[in-house]
Amino acid sequence: MPRDCQLLHPRRTPTTPLDAATVLLLRDAPGPHGASQLQVLMTRRSAKASFVPGAYVFPGGGIEAQDGAPEAHALAEHRPAQTGQRLTDALAALRESFEELGILLARHADGRWADAGDIAALDRKAPFAAQCAAHGLRLAADQMYLLAHWTADRNLPKRFAVPFLVARMPPGQEPVADETEQFEPVWVSPQDALARHEAGQFFMIFPTIRTLQRLAHFADVQAVLDAVAQEQPLWVSSPRSGLVGGKVEHFMESDPPYGELALVCPDGHHQHPLDWDSQRPVALLKNLQRLTAPNPGVMTGPGTNSYLVGEPATGYIVIDPGPAEPEHVQRLWRAASGDIRAIVCTHSHPDHFPAAQPLQALAAAHGRAAPPILGLPSAPTARAASQFTPDRALSNHELLALEGSGPEGKITHTLQVIHTPGHAANHLCLLLQEDGLLFSGDHILNGSTTIIDPPDGNMADYLDSLALLQTLCAQHQVEFIAPAHGYVLGQAQQAIAQLQAHRLAREAKVLAAMQARPEGSMDDWVRLAYDDVPPRMWPLAQRSLLAHVERIRMLEPGND
């Protein structure tokens with residue numbers, strides 16, 4: 001965890017979210033060309049509502065005392081997993097769907113669904129469960145399943161924690177809006193709702209949009225119910241927001257900017273700019289800046305990230321100075337106010353180290369002591385463009401310390417060197433010990449997987465290094481990873497575990513391709529093992545394919 005004293009913004013406690021519940025009522029309906037399509041019931045909120053006025057939403061609302069009352073629970077049919085709060089959530093969503101749209105998920109003792117006559121006999125404004133009991137109805141909570149759980153962004157003054165439930169629309173009922181809170185109930189396919197929103201005709205908020213995007217992958221109601229039958233939410237999210245092009249955009253945990261927003265604005269009360277800009281450094285912590293080189297491309301993403309660790313009282317260590325682009329070198333120099341104590345290269349690929357010597361020379365030209373260029377020398381297997389000899393080779397687990405003093409006493413920033421061969425034979429990562437932050441070079445990227453290019457790249461070494469980093473992150477409670485390409489990653493251990501799983505799943509596909517085409521060529525195997533990758537990327541994928549093939553053959557019996 002980063003030290004509070006290094007956060008850009010003072011800590012604050014976000015508003016405590018209020019409990020609410022919502023339900024997606026689903027049906028199968030005739031679609032284009034005679035095929036059926038999944039539809040969901042949505043309704044427009046009042047233009048005078050205090051929360052998202054005019055938005056199209058699913059029926060739902062705040063949880064009330066009556067939803068958790070023993071008599072309400074006793075009246076509910078429910079599954080074994082629906083106890084306590086889960087049953088209360090279901091009953092709240094069930095009640096709200098009746099009050100707002102006149103939809104009644106309830107059955108008679110003989111199993112018959114409530115019909116129009118039952119609904120007409122109930123008062124939407126009177127206590128709900130007591131009325132149902134008086135009319136011999138049992139509440140069908142057992143027909144409601146947990147789809148997802150959303151907790152509103154931390155920067156909102158009014159927040160809700162909301163389970164999103166799903167249920168099949170009861171037969172023989174029609175939605176009728178209360179014309180107070182909700183208007184214009186409409187059955188719509190997820191795809192149509194999203195298209196209308198894009199056209200500016202169907203205003204929805206972020207959780208609704210993302211829920212529909214995921215719902216669009218299901219063919220029918222039964223497919224949705226099958227997916228949620230395990231009684232676990234398909235996703236849990238508390239979105240964060242940042243600025244893109246000067247406008248606020250929202251992101252889930254699976255979106256690339258999420259980790260960076262968690263690092264820079266942990267409590268959500270400032271908007272962090274997310275536009276890639278090679279003209280100026282971006283502050284991530286008080287002791288950490290990122291300057292992205294102007295070398296965007298297929299292999300580099302938005303560009304190579306150069307990092308500056310330190311502060312005026314301690315001087316700075318530059319990590320991965322990047323390509324020898326003169327203006328980038330000047331910007332690094334200015335960002336450090338000319339006080340660069342060392343230059344560390346995570347490896348010797350040409351988008352990472354060439355600026356080291358120009359930056360070192362710039363210091364000398366200004367009468368400063370030349371900062372040493374540190375790293376690991378390139379191996380004999382390195383390509384010609386990756387030949388690199390540092391001023392000094394770094395030892396595994398060596399500590400690089402910046403020290404100074406400030407108003408509150410001694411200041412220390414310590415980088416631990418970790419040798420991580422795999423992407424390159426001379427690759428290393430760095431751990432900022434005091435703040436639990438890992439600089440991963442090209443070993444771990446955000447938004448893509450790194451290329452393993454033999455002979456300098458080695459898949460066995462790469463996976464071993466991933467396991468080493470996983471252990472290191474657990475030992476040092478590392479939450480964030482600063483990669484050489486892309487935004488900061490959060491949930492470090494989870495990110496590494498997902499990367500390990502992805503690599504092993506890819507290797508399984510490579511093995512299957514080799515077994516299916518034992519006499520096949522690399523071209524044959526890449527078509528089979530990378531069928532989910534655009535063909536234009538296959539020449540690059542072949543390099544990692546070769547690395548997988550080498551590891552598979554190494555693991556064959558007799559190749560100890």
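This is a predicted model: local features need pLDDT of at least 70, side-chain atom pairs count only at pLDDT 80 or more; totals for chains, interfaces and linings use all residues.
In which kind of crossing does α5 pass α6? Residues are numbered from 1 along each chain as its sequence is written, and side-chain values use heavy atoms, with hydrogens and water left out.

Now to the helices. α5 passes α6 in a left-handed crossing, a term used if the near helix is turned anticlockwise from the far one by less than a right angle (right-handed if clockwise). Helices (H or I, at least four residues) and strands (E, at least two) are DSSP runs, numbered from the N terminus. Helix α5 covers residues 190–198 and helix α6 residues 206–215; their axes lie 8 Å apart, at an angle of about 140°. Axes here are lines fitted to C-alpha atoms, for helices over the stretch in contact, and angles run from 0 to 180 degrees between N-to-C directions. The two helices, α5 and α6, are therefore oblique to each other; angles under 35 degrees count as roughly parallel, over 145 as roughly antiparallel, 65 to 115 as roughly perpendicular and the rest as oblique.

On the α5 side, Pro190, Ala193, Leu194 and His197 meet Ile209, Leu212, Gln213 and Leu215 of α6. The residues of this contact of α5 with α6 divide into six nonpolar, two polar and no charged. Ala, Val, Leu, Ile, Met, Phe, Trp, Tyr, Cys and Pro count as nonpolar, Asp, Glu, Lys and Arg as charged, and the others, Gly among them, as polar.

Next, meet some buried residues (buried means under 20% relative accessible area, exposed over 50%, partly exposed in between, with a 1.4 Å probe and protein chains only).

| Residue | Relative accessible area | Class |
|---|---|---|
| Cys132 | 0% | buried |
| Cys429 | 0% | buried |
| Phe480 | 6% | buried |
| Gln82 | 3% | buried |

Phe480 sits in strand β24 (residues 480–483). Its C-alpha is 7.3 Å from that of Leu263, although Phe480 and Leu263 are 217 residues apart in sequence.

Gln82 belongs to the loop between α1 (70–74) and α2 (84–101). Not counting residues up to four places away in sequence, Gln82 touches Leu87, Ala90, Ala141, Asp142 and Met144, where contact means heavy atoms within 4.5 Å.

Finally, the cysteines. A disulfide is a pair of cysteine sulfur atoms within 2.5 Å, and the count comes to zero disulfides. For Cys429, the closest cysteine sulfur is in Cys473, 9.2 Å away, too far for a bond.
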